[in-house]
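Here is a short briefing for a first look. Please have the sequence and the model open as you read.

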Amino acid sequence: MSNNGHLAPRPGFVLDVDRSSPPIVFHHGEGFRLEKLPADRTRVIYPAEPLEGLADPDGAIRHALLNPLGDSEPLPALLHPDMKLTIAFDDISLPLPPMRRPDIRQRVIEAVLDLAAEAGVDDVHLIAALAIHRRMTEDELRHAVGDRVYDAFAPSGRLYNHDAEDPDGMVVLGQTPHGEDVQFSKRAAESDLVVYVNINLVAMDGGHKSTATGLSGYTSLRHHHNVHTMLNSRSFMDQENSALHASNWRMGKVLRDADVKIFQIETTVNNNTFGREGPMSMLQKREWEWSPKDRVGFLAMQQGLKLMPAKARRKAFSSWLAPYELTSVQAGEVEAVHEVTTANVYKQQLVPVEGQTDVLTMGLPYICPYNVNSIMNPILVMCLGLGYFFNLYRGKPLVREGGVLIMGHPTPWEFHPVHHPSYIDFFEQVLTDTTDPAEIEKKWEKQFAEDEWYIHLYRTSYAYHGAHPFYMWYWGAHALQHLGRVIVVGGDVAAVRRMGFQPASTLQDALEMATDVVGPQPTITHVKNPPIFMADVS
Amino acid sequence: MKALQFRRNVPRFAAARLAGSLTPGGGAAVGPLRLTDLEPPTAPGPDWVRVRPRLSGICGSDLATIDGRSARYFEPLVSFPFVPGHEVVGDLDDGTRVVLEPVLGCVSRNLAPTCDPCAAGHLGNCEHTTFGDLEPGIQTGSCHDTGGGWATAFSAHPSQLHPVDDTFSDESAVMVEPTACAVHAALVAGVTDGAVVTVLGAGTLGLLTIAALRTFANPRTIVATARYPSQRRLAAELGADLVVEPDGIRRAVRRATGSRAISLDRDNGAVDRLSGGTDVVIDCVGSSASITDALAITRPRGRIVLVGMPASVTLELTPLWHREIELVGAYTYGTETLPDGSTARTFDLATGLVQAADLGRLVSATYPLHRYREALEHAAAAGRRGAVKVAFDLRDEKEREALMEMST
């Protein structure tokens, strides 16, 4: 028995709100809001319940390595004593929240290293494929790869963070037919084999993006992390209609043509974000199914959070480790692997939804890919809402063109000075000039990307690259173009206005304000996310 | 005649200091400034003429005096009681409309030979402001004998007067004197072609300095600080490339100059000071905080120009020493040497700039003399209230007409 007493996990569900529907829990940063949604014109989309995890993850991993997909030999056949082997793995941005130990990367890397040891491979490097994200700390690396791997490789300099600004460590391998430069880690390019270890949390992840993005730098990224790509993806989460995906696939072909041999290992997890039991478990249950214990637990959590100072609240949330379980692992040739991976992601995440809505509401949680152990600053709030959540659709956006997006988050005017120095300047200097992504890209991106201090902090401290806040803003470009208005509930008023959005104190106020754009009695759709799901909108 | 007169009165001075610290401009209500009836001014010398002000501006230095914030440095350089007001457009008795160049140098003091600075045309540097036929006073507006612009009449030496073209509005004309200060500051800064210049403060002087830099120098980038939205808009309109709030200046200059930041905690992302920095800072605030900012953002061997009157400040001067930064003052005007080597009177340059940049629009509000408390409070809160220059409007004062009739 696994899911609230049900024998099998139930699929995603669309609730039509009526007068008897209970208030709905909205994530609200490091807190929650209970919101009563208007009856008879509101629907709430719930994710599917967590799929069953694999009973023997280590066995499944070994099986995948020995039984590759596509045009690939089993991993042992690719390993030989004098070879140069590079194992690259996803960075701190995956999964969200970070998962309980052992992290899937640890399991996979240990399995790969066992095979490498059996084959007598000595020259092994492990690289956190972070592209222009911040470097991972020792603790974070230990969490991802495990202490045994860390202690065996890090002290001798064979486990490290990718450095996309190392002039001696990067190489341009060619151009795509579209004129896109393919810049790549020199160590990976010179290796006889690159093994990539992925955790696929959303449909955008994985495939050629793992290496073509994760082991590249600004020279490559600028070709697909841009406004044009975002405006030409419907959505960037849907591989069939994503210009971002297409660009990465073109770059993948250049890598292949440059004789970069990649053995791709992709994994999927279920959406057991908050646990089937425990203090947060009610967050992945449907409100009308809450037990008295869930209700009391939620109220106690709410009260406790209210009494906590902001820093303690942030620490409490940051310490949450998701009990994700491995639902699939596949290895071999990149594209063959990714096709299966995507199907497995969809199996957990796709929820069929009929038609669009006038107003889309969402409660944004405390975490996004770029604030793990950090602060969710206003730019990241924008990116999470208008970038990630808005784009978690296949077919059509959940909200109609010209509709309104209402998102709830405290949106504090606060930045992590070590992790996000360029974000501070972006917020203070760029957004005071314009909020138009295309204008921002044209006028400001290059100077931030080439700023020596940001590069210095990216390489030597724990800072996101100078170009990164731009990409966060571009991530929302499709939504900004599509929507008639964006309203932020419960956010810092000045921060919300700085981004060109409208602040509202309550959801009721926001819904009232939305009628100026979409007319009276609009239809409303609420996405109950996380746990993450993807709407399949017909 | 009607005049606002500033008397020596220590208890009232202390009260003004207290009131001014609570509410900027609050010193007007309790301090030594009084609206009073005075005898019309008598000419201090044979050549002197009477000026009947039309508009008379309120300057930051006036506000410092009213609120008891002026440095004791000035005590021997003024003569009590005096009538403030040195930004003046007014009428002579023959109907000529003039702008006042208020500095009281050797010529107006009937001193011959003149001191070296006056001989060189640098009136603001006159060495004899406490000597000669006049009581002490560095300018009209601080000298008992001359009177000042916050009255229906005062006395002026012909060398102080500049006739105003008919095409000039009174609002434009009253901006000539502060613009001359800004032109002087921009030229003292010695901005080389392609330099990055930072202007701290976007009050009247800051805004005018930006305009002057755009006209009389050729900087690559002007970065400016502005606390209020209207100041931000005007700073950009007048030529600043990047306008930020004061708290953001270190980050903004770092980016504009491509410098790296130095954090007190190594590489923690804070911008405590810069590795390089701006070539020139023109500080139009003059506070401990602004000069500290200036020292943090000026490149080695760069220059800081103090235009805002600093009074007493507390500073860490190690960066000045270590980075060999020049700290220079810019006070008033006189004769300027332009980048092409030619020379010109600052007032002439300022007059041209006022016209070219339509600086009369910076006069945001005018008040009759009897509403002086409101006027001074408005001027002291100009930025917050969306204003730039606040001035007294004496054009409709009855006493002004009476003086005219007496003279005819």
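**Briefing on the two chains**

Of the 408 residues in chain B, 56% are buried; a residue is buried if 20 or more other C-beta atoms, placed from the backbone, lie within 10 Å of its own. The model is predicted: local features need pLDDT of at least 70, side-chain atom pairs count only at pLDDT 80 or more, and totals for chains, interfaces and linings use all residues. Residues are numbered from 1 along each chain as its sequence is written, while chains are lettered from A and ligands numbered from 1 in the order in which they are written.

**Chain B overall**

- Chain B holds 14 helices and 19 strands; these are DSSP runs, numbered from the N terminus, with helices (H or I) of at least four residues and strands (E) of at least two.
- Its C-alpha atoms fill a box of roughly 75 × 45 × 40 Å along the principal axes.
- Take the contacts in chain B with a separation of 6 or more: 68% are between residues 24 or more positions apart. Two residues are in contact if their C-beta atoms, placed from the backbone, lie within 7 Å.

**A helix pair in chain B**

- Helix H7 (residues 204-216) and helix H12 (residues 346-356) of chain B pack at an angle of about 100°, with axes 11 Å apart. Axes are lines fitted to C-alpha atoms over the stretch in contact, and angles run from 0 to 180 degrees between N-to-C directions.
- H7(B) and H12(B) are therefore roughly perpendicular, a label for angles of 65 to 115 degrees.
- H7(B) contributes Ala211(B), Ala212(B), Thr215(B) and Phe216(B) to the contact, and H12(B) contributes Leu349(B), Leu353(B) and Ala356(B).

**Chain A overall**

- Chain A has 21 helices and 20 strands.
- With a radius of gyration of 23 Å, close to the 24 Å from the globule rule for 538 residues, chain A is as compact as a globular protein of that length.
- The C-alpha trace of chain A spans about 70 × 55 × 45 Å along its principal axes.
- Buried residues are 56% of the 538 in chain A.

**Where the chains meet**

- In chain A, 15 residues are in contact with 14 residues of chain B.
- Helix H15 (421-430) and helix H17 (452-460) of chain A each supply at least two residues of the side touching chain B.

How values were computed
Angles under 35 degrees count as roughly parallel, over 145 as roughly antiparallel, 65 to 115 as roughly perpendicular and the rest as oblique. A residue is buried if 20 or more other C-beta atoms lie within 10 Å of its own, exposed if 12 or fewer, and partly exposed in between; C-beta atoms are placed from the backbone. The radius of gyration is taken over C-alpha atoms; the globule rule is 2.2 Å times the number of residues to the power 0.38.
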